[in-house]
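Here are a few exercises to work through with the model open in your viewer. Try each task before you read its solution.

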Amino acid sequence: MKKFLILVSFSILISISSSVSAQEKAGVFTGAVAKKKTYHALYVLNSADEKHISGTLRNINNALEDPRLKGKLQVELIAFGDGFTVYRKDGKFLDQLNMLRSKGVILAQCENTVRERKIEKSSLFDFISYVPSGNGEIIIRSTEGWAIVHP
């Protein structure tokens with residue numbers, strides 16, 4: 001019986017020390033290292049939900065401010081479908097968009113959405129760019145190696 005208790009105690013000690021060791025190793029993790037000179041990300045927005053739009057714009061800014069990517073990241077925001085809401089002059093995203101523009105973010109709108117929904121371009125910000133189709137932009141950018149982010 002003594003041998004059994006010693007064996008159980010020894011097993012418990014090994015288990016505890018392994019657990020502590022694994023936790024110590026986990027604490028060392030610092031994330032991926034940005035080894036390339038440049039990175040590209042296309043953020044996809046096809047929702048009119050204001051919380052979703054704000055979150056997407058915040059995500060873009062967070063990526064631009066990541067110290068690993070700072071000065072190495074080119075970002076484009078493509079809006080299509082209900083996502084056109086982000087670019088409406090009567091919306092509430094002007095300040096966030098201007099901040100992203102000042103950091104070099106490309107702000108693009110799908111022409112198909114504008115045409116199909118009969119949206120007057122005059123109702124959208126003058127500083128946005130247009131692409132023939134949002135899906136085409138995603139396809140082209142993805143084959144060029146851009147990360148496609150759909151928050």
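**Exercise 1: a loop residue**

Val 105 is found in the loop between H3 and E3. The model is a predicted one. Decide whether Val 105 is buried or exposed, and list what Val 105 is in contact with beyond its neighbours within four places in sequence.

*Solution.* Start with accessibility: buried means under 20% relative accessible area. Val 105 has a relative accessibility of 7%, so it counts as buried. Next, look for partners. Leaving aside neighbours within four places in sequence, Val 105 is in contact with Ile 60, Leu 64, Val 75, Leu 77 and Leu 100. Finally, check a C-alpha distance: Val 105 and Leu 73 are 32 residues apart along the chain, and their C-alpha atoms are separated by 9.4 Å.

**Exercise 2: the nonpolar cores**

Find which residues of the largest nonpolar core touch the most other members, and which element gives the largest share of this core.

*Solution.* The largest core has 27 residues, and those touching the most other members are Leu 57, Ile 60, Leu 77, Val 86, Tyr 87 and Leu 97. Now turn to the elements: E1, helix H2 (50-65), E2 and helix H3 (94-102) each supply at least two residues of this core. The largest share comes from H2, with 5 residues.

Take Leu 77 as a case to inspect. Leaving aside neighbours within four places in sequence, its contacts include Tyr 43, Leu 45, Leu 57, Ile 60, Tyr 87 and Val 105. There is also a second, separate core of 9 residues, with Leu 42, Val 44, Ile 78 and Phe 80 among them.

**Exercise 3: the sheet and a helix across it**

Second, zoom in on one pair. Strand E1 (residues 39-45) and E5 run parallel and are joined by 3 bridges; Tyr 43 stands opposite Val 149 in E5.

To finish, step back to the whole protein: from the N terminus on, its elements run α-β-α-β-α-β-α-β-α-β, which comes to 5 helices and 5 strands.

Technical notes
Residues numbered from 1 in each chain as written. Predicted model: local features only at pLDDT ≥ 70, side-chain atom pairs only at ≥ 80, totals over all residues. Heavy atoms only, no water. Pairing = 2+ DSSP bridges. Helix = DSSP H or I, 4+ residues; strand = E, 2+ residues; numbered from the N terminus. Core = buried A, V, L, I, M, F, W, Y, C linked by side-chain atoms within 4.5 Å. Buried < 20%, exposed > 50% of the residue type's maximum accessible area, 1.4 Å probe, protein only. Contact = heavy atoms within 4.5 Å.
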